Amino acid sequence: MSAPIVVAGAGIGGLTAALALARAGKRVLVLERAPKIEEVGAGLQIAPNAGRVLAGLGLEGALTSVGLEPQAINIRRGRDGAVLARLDLSGSRARWGAPFRVFHRADLQQALLQAVLADPAIEVRTSARVGDFEDRSGHVSVRVHGEAGVEEVVASGLVGADGQRSAVRGHLFRTERDAPFYSGLTAWRALVPAELAPAALRARESNLWMLPGAHVVHYPLRDGAIINVVVIVAEEPRSEDGSAILSLEGRQLARALGGRRPGADLLALIEAGATWRHWPLFARPPLPSWSRGGVTLLGDAAHPMLPFLAQGAAQAIEDAQALGGGFTQLGATVESAFAAYEKNRIARASKVVRASRRQGDYFHMSGPAASARDLAIRVLGGRGMLARNAWLYN
């Protein structure tokens, strides 16, 4: 029996990659460093480009059961909540082959995990941290740190799906210039019980509020019982490396945002959050290549991106599809499949990384530039704004 492909990391990208590789006829070993597979964070948006991939892997029923389909996206002026454009999402399935959906991260991860555990070609191990590795002729020797010590696992290939601070990337590209760096932006996240939110903000719709140097995104989850709220603001790091885990009460965060003049409903929503968690947003330099022989990277390990296009998880899911697709060519080896995967994906993923950063600058404009932006959004309208991002969803 051939050695499995090892996937480091059991997040959204890693689990999807395991499914895609198994569908391509490969044995897969997923190694997760945490003792239990459970997602941190809160809400997650899955656009049609990723929804089609997940449906193609047989997950449509699971997505329907745990996801929520927002009816629209409202782009709002932050100071008063005026709707500059309403993007009607009702035609998404007909236009792009899948709807827009929002999930609690833990719900989507568990849906993927159940599909993985049901596949006899996939094995999952927890409390298993990938350390160093050697790419030898025809296989990769992976050192795995577990509860019983260090074990050497022989793999036919290694996929680093272990996140922005990827250990696989660190071993593959050993240079200080590749280290993560603080982007100058922080996300504050909270889940608000729907009954505590202003009545005007409880609809099954997504909302984006634009403020000077900040923006807020919120949408309902779990059949509308809770509202996921993310406040992204430009600020100085709150520790030397920007990574300290901090929290604020809703009234404290509302007070901190007061100088940006958020509207009354938005302030009330923020104040309704009992605890806001601090998530500094990091970036990494772009890589000219993700692969070396029998080792490759996927998702945030390959192309971490700021969340302004809501495409981080979606691009990891696209990666997974292309990774599996690399093995469908007649006579494909691990090395050739990884090379084909990278060639298929690197240009598009890099384009999304750049577009995400530009989108953040667009959201955070102030003064006359913000006024011109708001006018342009009104002129485009909801249909024009959707068309503007159609290149993502097609």
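**Helix faces, cores and strands**

Reader: What covers the buried residues of H7?

Author: This is a predicted model, in which local features need pLDDT of at least 70 and side-chain atom pairs count only at pLDDT 80 or more, while totals for chains, interfaces and linings use all residues. Residues are numbered from 1 along each chain as its sequence is written, and side-chain values use heavy atoms, with hydrogens and water left out. Helices (H or I, at least four residues) and strands (E, at least two) are DSSP runs numbered from the N terminus, and contact means heavy atoms within 4.5 Å. The cover over the buried residues of H7 includes strand S12 (181-193), strand S15 (226-234), strand S16 (247-248), helix H8 (264-271) and strand S17 (276-283).

Reader: Which residues of helix H7 are buried, and within what arc do they fall?

Author: Buried means under 20% relative accessible area, exposed over 50% and partly exposed in between, with a 1.4 Å probe and protein chains only. In H7, which spans residues 250-257, the buried residues are Gly-250, Leu-253, Ala-254 and Leu-257. Judged by the directions from the helix axis to the C-beta atoms, these buried residues line one face of the helix, because they fall within an arc of 100 degrees.

Reader: Which residues are exposed on the other side of H7?

Author: An α-helix has 3.6 residues a turn, so residues three or four places apart point the same way. On the other side of H7, the exposed residues are Arg-255 and Ala-256.

Reader: How many bridges join S12 to S17, and how many join S12 to S15?

Author: Two strands pair if DSSP finds at least two bridges between them. S12 runs antiparallel to S17, and Leu-185 has Leu-281 of S17 as its bridge partner. S12 also runs antiparallel to S15, where the bridge partner of Pro-193 is Ile-226. The bridges number seven for S12 with S17 and nine for S12 with S15.

Reader: Which residues have the most contacts inside the largest nonpolar core?

Author: A nonpolar core is a set of buried Ala, Val, Leu, Ile, Met, Phe, Trp, Tyr and Cys residues joined through side-chain atoms within 4.5 Å. The largest has 67 residues, and apart from it lies another core of 36 residues, including Met-210 and Val-352. Leaving aside neighbours within four places in sequence, Leu-108 is in contact with Ile-12, Leu-44, Ile-46, Leu-54, Leu-63 and Phe-103. Those with the most contacts inside the largest core are Leu-108, Leu-297 and Leu-298.

Reader: Is Ser-127 buried or exposed, and is Asp-223 buried or exposed?

Author: Neither residue is a glycine, yet Ser-127 has a positive phi of about 50 degrees and Asp-223 has one of about 60 degrees. Ser-127 lies in the loop between strand S7 (122-125) and S8, whereas Asp-223 is in the loop between strand S14 (214-221) and S15. With a relative accessibility of 18%, Ser-127 counts as buried, whereas Asp-223, at 63%, counts as exposed.
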